[in-house]
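Dear colleague,

I am handing over a structure that is new to you, with the sequence alongside it. Please look it over before reading the notes that follow.

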Amino acid sequence: MQVTGSVAELRAWSRAVRQAGGTVGLVPTMGALHAGHLSLVKAAQERGDRVAVSIFVNPTQFGPQEDFAQYPRMLEADCRLLEAAGVERVFAPEPGVIYPDGAATFVEVEGLSGRLDGASRPGHFRGVATVVTKLLVAAEPDRAYFGQKDAAQVAVLRRMSRDLLLAVELVVCPIVREADGLAMSSRNRYLSVDERREALALSRAVAAGEAAFAAGERSAAAVCAAARRELEAGGQVRVDYVQLVNWATLEPVETAAAGDLLAVAGWVGTTRLIDNGILG
Ligand code: AMP
């Protein structure tokens, strides 16, 4: 496995793979890898792709008061995991490679970028759309793999890919959870023992909303209320949002239908966590 910070090197590998008749799968990450990230690698390999993983803590998707500085960085440990998983290339660029001096070009998916996490994290999805565009240009993959864990991000990137006529196929993989239901996240490391327990309110909230829908509830307000009750039950989660939206547009729905996205976000202590489920 080669680790490179060079766009030219990554692109040369990608082109060589395709020249030899292979396909390239890119898994973009911010590192501090866990089984959720590795599930994307596995999905790519199962499709027959040769896999590159990018590790880049993208400054432009963090707000000024957010955790960019303390976001966990552990490149060596990440690389050991990826090597064992059969990844061929790790792209770990310096910030100046992705954002050369004077970089003035950004990708904004209007409308969607202001919904869900985009509403509470202004500029977040602009940063995400911009960095993913650059990573796709750098790696020229046939497919790029993303987790449903960040479901609003998926909606933004799908729209971006369509609007920009990108040739890449976006593949979305299911949420990988801890045994007790907590969605895996690099930010779970921030949680104390007590907070780790309280964080279960998020997955319980999603499960409660899904259960209400499965039991025949079709009022979006009632589905959200069921989820919110669980989220607030322990009194330790500061709710950011509980919303039922159309997964393509991220606009709230009034009537719940299969395929809608039930998304929740909240702070446990100072850690912001998200979770979601697709109804039906
Ligand atoms: P991140 O490193 O948090 O930016 O995540 C990189 C990719 O891994 C994104 O596409 C995430 O949606 C995905 N991912 C993160 N956590 C999970 C999880 N628990 N299950 C599935 N995919 C995940």
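A polar contact here is a pair of N or O atoms within 3.5 Å. With that cut-off in mind, and bearing in mind that this is a predicted model, one can begin at the ligand, where a backbone N or O atom of valine 176 lies 2.8 Å from a ligand nitrogen atom. Histidine 37 takes part through its side chain, in which an N or O atom is 2.9 Å from an oxygen atom of the ligand. There are 17 residues around the ligand, and those that come nearest are Met30, His37, Asp150, Val176 and Met184.

Turning to the strands, there is an open sheet of 3 strands in the order β7-β8-β9, paired in antiparallel fashion. Its edge strands, each pairing on one side only, are β7 (237–245) and β9 (271–278), and neighbouring strands of the sheet are turned against each other by 15 degrees on average, direction ignored. Between β7 and β8 (residues 261–268), which run antiparallel, there are 8 bridges; glutamine 243, for instance, has alanine 263 in β8 as its bridge partner. Helix α10 (residues 220–233) lies across β7 and β8 and runs at about 160 degrees to β7.

Finally, as to the cysteines, the structure holds 0 disulfides. Cysteine 79 counts as buried because its relative accessibility is 12%, and cysteine 173 counts as buried because its relative accessibility is 6%, the cut-off for buried being under 20%.

Methods. Residues are numbered from 1 along each chain as its sequence is written. This is a predicted model: local features need pLDDT of at least 70, side-chain atom pairs count only at pLDDT 80 or more; totals for chains, interfaces and linings use all residues. Side-chain values use heavy atoms; hydrogens and water are left out. A disulfide is a pair of cysteine sulfur atoms within 2.5 Å. Buried means under 20% relative accessible area, exposed over 50%, partly exposed in between (1.4 Å probe, protein chains only). Two strands pair if DSSP finds at least two bridges between them. Helices (H or I, at least four residues) and strands (E, at least two) are DSSP runs, numbered from the N terminus. Axes are lines fitted to C-alpha atoms, for helices over the stretch in contact, and angles run from 0 to 180 degrees between N-to-C directions. Contact means heavy atoms within 4.5 Å. A residue is near a molecule or strand if one of its heavy atoms lies within 4 Å of it. A polar contact is a pair of N or O atoms within 3.5 Å; within protein, one must be able to donate a hydrogen and the other to accept it, and residues adjacent in sequence count only if both atoms are side-chain atoms.
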